[in-house]
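Me: I would like to go through the terms used for this structure. Please set each value against its cut-off.

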Amino acid sequence: MSSNLGIVELTLALHYCLDSPTDKIIWDVGHQCYVHKILTGRREGFSSLRKQGGISGFPKVSESDYDAFNTGHSSTSISAALGYVRSRDLKGEDFKVAAVIGDGAMTNGLVYEAINNAGGLNTNLMVILNDNQMSISENVGALSVHLNDIRTNPKYIDAKRSISKALSRLPVFGSPLGHAFQKAKDSLRYALLPGIMFEEMGFKYIGPVNGHNISQLINVINRVKHMDGPVMVHIYTEKGKGYTYAEKYPGSFHGIDTFDIKTGRPAKTKIWDSYSDVFGKTLLKIAEKNEKVVAISAAMPEGCGLKSFAKQFPERFFDVGIAEGHGVTFGAGLAANGHIPVFAVYSTFLQRGYDNILHDVCLSNYHCVFMIDRAGLVSGDGETHQGIYDVSYLSQMPNMTVMSPKNKREFKQMIEYAINHHKGPIALRYPKGSASMVCGRSEVAVILGKSETLEKGELIALISFGAMMDKVFELHKLLKERGYNPAFINARFAKPIDMEMVKELAPYEYVFTFEENEVSGGFGTQVMNGFIEIGAMPKVFRKFGLPDEFLATGSREQLFDRCGLVPDKMLDKILAVIEGSENERKHSG
């Protein structure tokens with residue numbers, strides 16, 4: 001919400017000056033595309049935003065011709081826009097392309113790869129840098145300081161204004177005198193603000209411009225769209241503009257749930273600690289006793305539960321900005337010199353650090369702890385934010401350990417184990433939402449690669465990994481009501497798999513695995529590989545997990561139901577397998 005309130009005037013100006021959808025507007029991340037959606041034929045259906053079957057919370061090509069590029073992750077807009085303009089040039093087409101990117105997204109290295117490429121190609125491209133001094137949390141790093149200097153340096157702003165006035169009075173701008181004035185202007189700019197990097201990288205720099213002055217924005221965009229070569233238009237805005245509470249608390253009003261407009265207070269009262277809360281409190285206690293522990297965030301300290309840690313241990317807390325790959329390798333460097341880095345990051349964003357994990361952490365077997373928040377299905381955000389791939393890709397990495405808790409108490413035990421007792425890289429994944437209390441207390445200590453047998457049984461075995469425990473617990477009860485006596489196992493680890501458990505379950509006729517991850521290459525695949533390794537496969541082995549497809553928007557429960565991962569639907573499938581097998585046995589007999 002706060003992102004969109006801050007960009008109202010810019011969105012109006014862009015649509016006023018450009019001929020969209022012929023001209024392309026590419027929104028970075030997409031957090032700021034709601035005004036654009038309202039203006040482009042989706043106002044009537046806006047109440048369905050981020051709901052199943054409704055309007056996506058991000059730009060979506062299949063939803064509207066006005067959405068030029070699918071986004072959801074940060075810092076892709078300039079690369080995509082450059083691809084558009086080069087394709088346009090090759091085909092001899094004539095349309096404008098504007099990339100809108102926030103200053104928070106400018107902390108990601110992909111941006112500078114694109115800027116470097118665009119500056120070298122010298123093709124017509126408009127990049128609008130929306131500078132509100134915020135990503136979700138407050139921006140960090142040298143670039144944020146640099147942009148703040150540009151915004152606030154009165155000498156630069158006054159000098160630019162007076163020289164621009166002088167230039168505007170010249171009858172022929174192309175005259176030698178005009179060139180002299182332009183050179184003087186450039187010299188003054190470099191003297192007052194050394195190293196204007198955008199111009200050094202081949203972009204013409206325009207700004208800073210008041211992003212809430214629509215007349216000024218229209219004037220600037222209309223001029224810039226006729227300029228040759230790449231242009232960087234730097235505007236400054238206020239996140240949450242026009243709504244007092246969003247202006248005061250922009251981070252809280254980023255992904256706000258239902259709230260009272262008059263008071264700004266959320267309509268729902270929080271009752272239980274979330275997994276993120278539990279992590280933050282547990283890490284704080286561990287860090288008080290272990291000075292080697294340091295924490296890393298990629299621009300999400302509040303969302304990942306690190307706000308208290310940052311306040312209590314500011315010298316041991318590192319917010320690297322929206323730069324997940326750098327965060328991973330930065331952590332590897334800390335580990336190489338004896339610290340224990342704990343990198344708290346959403347599952348969907350950790351994907352961006354894949355190579356860094358494999359090459360810089362696992363290869364050297366550094367003790368880096370990856371706390372993977374929002375692992376599994378995520379409400380509202382849709383395809384781009386589902387955290388359903390991490391088990392699959394992390395399990396393929398040598399030296400990596402992957403685990404997930406069944407409930408709140410086990411989660412605390414696993415955090416303690418991962419930081420103080422484990423050696424080498426380790427990933428601990430947990431879902432969004434309230435910390436589960438299912439299955440009561442755990443009497444078994446966390447030991448590398450060891451599962452927990454919750455109930456012994458016969459014929460049928462249910463092996464649950466992580467947050468699926470709530471649903472498998474209900475499934476187990478339903479099967480018992482049907483007269484079966486299934487074994488019930490809490491896997492704890494996706495890698496390494498408990499091979500003793502695999503050997504014990506080999507005689508069982510029906511073995512079923514359950515995970516909140518894409519079924520391809522996930523936990524169930526690791527268990528299956530274990531059976532193959534010992535040369536003994538159960539009569540029937542089935543994996544319950546998420547399908548090999550991008551999952552569209554919905555609540556967690558809607559998505560579970562859609563994927564058949566609710567107790568009654570899983571029961572029907574299991575009974576069909578067992579009864580079908582029994583009928584086959586009778587028929588063959």
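Reply: The terms are taken one at a time below.

This is a predicted model, in which local features need pLDDT of at least 70 and side-chain atom pairs count only at pLDDT 80 or more, while totals for chains, interfaces and linings use all residues. Residues are numbered from 1 along each chain as its sequence is written, and side-chain values use heavy atoms, with hydrogens and water left out.

Me: Why is the aromatic pair of Phe 253 and Phe 259 called edge-to-face?
Reply: The structure holds 19 aromatic pairs. In the pair of Phe 253 and Phe 259, the centres are 5.4 Å apart and the planes make 90 degrees. Rings of Phe, Tyr and Trp (its six-membered ring) pair if their centres lie within 6.5 Å; planes under 30 degrees apart count as stacked, over 60 as edge-to-face and the rest as tilted.

Me: What makes Tyr 354 and Tyr 393 a pair that is edge-to-face?
Reply: Their centres are 5.6 Å apart, with 65 degrees between the planes, and over 60 counts as edge-to-face. The pair links distant parts of the chain, with Tyr 354 in helix H16 (residues 354–362) and Tyr 393 in helix H17 (residues 390–394), 39 residues apart. Helices (H or I, at least four residues) are DSSP runs, numbered from the N terminus.

Me: How do you know whether Tyr 354 is buried, partly exposed or exposed?
Reply: Buried means under 20% relative accessible area, exposed over 50%, partly exposed in between (1.4 Å probe, protein chains only). Tyr 354 has 36% relative accessibility, so Tyr 354 is partly exposed. Tyr 393 has 12%, so Tyr 393 counts as buried.

Me: What makes Ala 118 buried?
Reply: Ala 118 has a relative accessible area of 1%, so Ala 118 is buried. Ala 118 is found in helix H5 (residues 109–121). Not counting residues up to four places away in sequence, Ala 118 touches Leu 82, Thr 123, Leu 125, Phe 203 and Pro 230; contact means heavy atoms within 4.5 Å.

Me: Why are H14 and H16 called roughly parallel?
Reply: The axes of helix H14 (residues 324–336) and H16 come within 9 Å and cross at roughly 10 degrees. Axes are lines fitted to C-alpha atoms, for helices over the stretch in contact, and angles run from 0 to 180 degrees between N-to-C directions. Angles under 35 degrees count as roughly parallel, over 145 as roughly antiparallel, 65 to 115 as roughly perpendicular and the rest as oblique. H14 and H16 are therefore roughly parallel to each other.

Key. Helices (H or I, at least four residues) and strands (E, at least two) are DSSP runs, numbered from the N terminus.
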